[in-house]
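This report looks at strand pairing and salt bridges. Please have the structure open while reading.

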Amino acid sequence: MDAPVKKWLNPTYLILGSGSIGFAVAKELRELDKDLIIIDRDTQKVETLREEAYEAFAGDISDPDIFQHVNPKELSGILVLSSDNEANKKALENIASLELDDTYCVARASDVISMQEMDGLGADLVVMPSRLVARSVARSLGRAESLRRGNKLSQWFKGISGKDLAIVVHDNPDPDAIASALALQKIADSFDVRSSILYHGEIGHQENKAFVNLLGIDLNRMEEHNISEFDDIAMVDCAVPGANNILSSGTHLGIVLDHHPLGELELDADFVDIRPNVGASATILTKYLQELNIEIESELATALLYGIRTDTLDFRRNTDSADLSAAAFLYPLADHEILDQLERPSMSLETLDILGEAIINRQVIGSYLLSNVGVVRDRDTLPQASDYLLNLEGVSTSIVFGVSEDRIFLSGRSNDIRVNLGEVLRKAFGDEAAGGHSNAAGAQIPLGVFSDIKDRQTLLRLVNEAVVKKFLNAIGVDETVE
């Protein structure tokens, strides 16, 4: 295989011309979490765009030197959207001279004749001005982006045909991680790639145990395998080696597929697809199965649908239209008798105990609730307790944490639109220890110097003080506020 290359984490689009249409498309793409660059000849307009946190440059879009601001070969798409037909045509001629075979090109025309001319100049899509332009362009780009991703993934798998792939999920995997790994295993099998799903920790949550047992899912503990014996490594529903998994930090990866925000970290991987706007990794994998025309059996459809539903809290949390589309596709293929059984698991005694500890030990500071539940054996009990405590009157953010032999495990939930919980936890405990979405996040914090403390009560008190202080400092709240 070729030497490792750091791939794009998010497609970048270049918009030439920021009139009403160009700005509308820019807003639409920003809402979809796309990276974009805008070039316009109006310097005052460029300054306004910069004030609104857009990356914008002043320049004549018909000038061939305009591409000095970007590397054209790294762009996923170029959108020529000025109101000047002649400038747009010249821009298309310049783009054609760059021979960008893998870049989608959209142009704006104000009349039918110009539309035909621009089509002849090589534009993949030519649009006429209307209020529907922004949405139609975004949909077209999404489709082109999906095709591009599917082709690149297909090429990667063809490169390791006949070899062995380790599919690594995060510690104590949940249904979304497991279902996503199953889907990637299905894709690998279609390219004659042997694969094993590897995990570390425990499958402790009662629903997760039922999920694995009812669907007969084959998982392998990482401790039972030598990772160096595999030809390549894929990570699903997690992205950083050594963060919530026992891979060595800095490990080179073949594939990374995830929906959790990465922050400022860089990855050493051949193929990266991280979509923070999507509610579940299972949604991403469902799209790949569709794109590659791979048949989805009932068991896999059931797993993927359940993964999407659990990670989006039945489409009430971090839900994107892609999640709804994937669920609609999977729904008629899934086994609904198994889904019904999964939704009625029994509650373990440990879950009940942890919930009780969380209620008894709660500390409420303003609208923030923090609870130290002490020693935990099953970390999956923490998000359940955090979800429950968020329902208490006056609470907008709940943080539940506990201690294992060498780590502090933390789970947080928030319904406060002013709080990005994932960013707060990263700020408090570091990028490699914490992460998540705006309203659901978690952390694994090494005990460090605390690990030498033998007295349990002293340890729990010091951990409590440290976690509460770091969280409140990160969120900007005085600990004395009532």
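## Strand 18 and its partners

In this predicted model, Gly435 has Gly442 of strand 18 as its bridge partner.

Ser411 stands opposite Gly442.

How much of strand 18 (residues 440-446) is buried? Five of its seven residues are, so the strand is largely enclosed by the rest of the structure.

## A buried salt bridge and its network

The model holds 17 salt bridges. One of them joins Lys34 to Glu145, with the closest N and O atoms 2.9 Å apart. Lys34 sits in the loop between helix 1 (20-31) and strand 2 (35-40), while Glu145 is in helix 5 (residues 133-159), so the contact ties together parts 111 residues apart in sequence.

Are Lys34 and Glu145 buried or exposed? Both are buried. The pair also belongs to a network of salt bridges. Arg149, Asp273 and Arg275 are linked in it along with Lys34 and Glu145.

## A bridge between two strands

Asp164 and Arg194 meet through their side chains in a salt bridge, at 2.8 Å from N to O. Asp164 lies in strand 7 (residues 164-168) and Arg194 in strand 8 (residues 194-199), so this pair ties together parts 30 residues apart in sequence.

Both ends are partly exposed. Asp164 has a relative accessible area of 25%. For Arg194 the value is 45%.

## A bridge within one helix

Glu423 and Arg426 also form a salt bridge, with an N to O distance of 2.7 Å. Both residues lie in helix 14 (residues 421-429). They are three residues apart, so about one helical turn separates them.

The cut-off for buried is under 20%. Glu423 is partly exposed, with a relative accessible area of 41%.

Methods
Residues are numbered from 1 along each chain as its sequence is written. This is a predicted model: local features need pLDDT of at least 70, side-chain atom pairs count only at pLDDT 80 or more; totals for chains, interfaces and linings use all residues. Side-chain values use heavy atoms; hydrogens and water are left out. A salt bridge is a side-chain nitrogen of Lys or Arg within 4 Å of a carboxyl oxygen of Asp or Glu. Helices (H or I, at least four residues) and strands (E, at least two) are DSSP runs, numbered from the N terminus. Buried means under 20% relative accessible area, exposed over 50%, partly exposed in between (1.4 Å probe, protein chains only). Two strands pair if DSSP finds at least two bridges between them.
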